[in-house]
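Visitor: I'm new to this one. Can you walk me through it?
Guide: Gladly. Here it is.
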Amino acid sequence: MIAQSPPDHELVEEARRGDPAAYAELVRRYQDVAFRVAYFNSGSSADAADAAQDAFVKAYYALPRFRAEAPFRPWLLRIVANEARNRRRSAGRRERLAERAATDPVARDVAPSPETGVIAGERRAAVLAALGELRERDRRIIEYRYFLGLSEAETAEVLGVAKGTVKSRLSRALTRLRPLIEERGLALDEDLGR
Amino acid sequence: MNLERELLEIGAGMEFPATPDLAGSVLAQIRQQPAPRRRWTGIAPARRWTGIAPRVAWVGAAAAVLMAVVLVVPPAREAVADLLGIGRVQVEIVDELPAVGTELALGDEVNLAEARVAVDFPVRVPAALGEPDAVYVAQGGDLFFTYAPRPDLPEVAGSGVGALFGQFPELGSPIVKQASVDTLLVEVFVGGGRGFWIEGGPHVVFFESPGLTTRELAGRLAGNTLIWERDGVTYRLEAALDRAAAIAVAESLR
């Protein structure tokens, strides 16, 4: 039996009318991506969990000002990103992504053979490490677009910029990333014989 | 394999830390606290508004008479939109102000020196106000100064600040949508360029450029707002100042 899946705007309207169960459903629907946005912005799971939780609460109180037919996800994620960043700022902690990339999250190795597995794993580690050397703004836009699968329009809304800006920033971020990967001695297209 | 594909694959294979179950704790917090706390980074909101039916806007002296007529005639309530063009700028009068994304925080608090490095455009300070009491950089690259209330800068009712000064790069032509029967909207000249003076009510300004999605800036305070552009940067000053004083501040930008 297929469970009932009301569209976001219905849940938003019900939550606004004072049905917290409807909001709980929205939380469940978006908590993964919200937690991950918080994780990228705060650098630790504990902080990310707190930030995501607080952001969901803030979003609830802000619902009266949200137009229900507007896309909920990017509106929510913008609140999450701001919450995570503000939290990090007041904790005075500097992000150490390169170190984080080496430990968690782990890029799962799904290569078919041991040799390509080793190379693929090294390569992923190199890409993640190179990513850690980018300035935060470049890294964030890559994370949103490629690791979290946010659309260009969603990324624009979460960052609070125009869509064209997302396009150009992403392109610049990739341009800056390539040489950092190459510096690690792994050429882009040759290792795996492709 | 190109880099984009590679990044997508890495993303697909990425094992994030497990998402905690947030629904329960979020609900518990909401139930504990039915009314929202007013806690806003940097400033407290003067008031919050929901869609209000707009019934007035007049733009430019020439349009005043026309708008007065529109005001008096009741069909304004049913009108969905009425367009007035003023050069590049369009003003739309709408029945309901669109509820825009909430900006619950101004951004990361920095000092002025850090702000100059963090943003893509030259940061200017209005000499008439002096250096700000707090500076915030938003994730999108916008910059905000806040000024505490003082004798020449009275507090904007209920907000705890004397002025909120925003600097926004990369915006296109402004379209001002505004609501509330008491809002006054006037086109003005600031430093030889065009701007908008918005008085007495909540408002939202949309910026559009061809090929880009619309960007919105909602008025945050209950004071008056002056919006102007200079050298590709759009400025917005919200304060409890009259038009002449606000323009003087704008023209003191260094």
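Guide: A term to start: a salt bridge is a side-chain nitrogen of Lys or Arg within 4 Å of a carboxyl oxygen of Asp or Glu. This is a predicted model, where local features need pLDDT of at least 70, side-chain atom pairs count only at pLDDT 80 or more, and totals for chains, interfaces and linings use all residues. Residues are numbered from 1 along each chain as its sequence is written, chains are lettered from A and ligands numbered from 1 in the order written, and side-chain values use heavy atoms, without hydrogens and water.
Visitor: How many salt bridges over all chains?
Guide: The structure holds 17. In one of them, Glu25(A) pairs with Arg28(A), with the closest N and O atoms 3.6 Å apart.
Visitor: Where do Glu25(A) and Arg28(A) lie?
Guide: Both are in helix H2 of chain A, 3 residues apart, about one turn of the helix. Helices are DSSP runs (H or I, at least four residues), numbered from the N terminus.
Visitor: What does Asp54(A) meet in a salt bridge?
Guide: Arg87(A), at 2.4 Å, N to O. That pair links distant parts of the chain, helix H3 and helix H4, 33 residues apart. Asp54(A), Lys58(A), Glu83(A) and Arg87(A) are linked in a network of salt bridges.
Visitor: Is Asp54(A) buried or exposed?
Guide: Buried, at 19% relative accessible area. Arg87(A) is partly exposed, at 25%. The cut-offs: buried is under 20%, exposed over 50%, partly exposed in between (1.4 Å probe, protein chains only).

Methods. Helix = DSSP H or I, 4+ residues; strand = E, 2+ residues; numbered from the N terminus.
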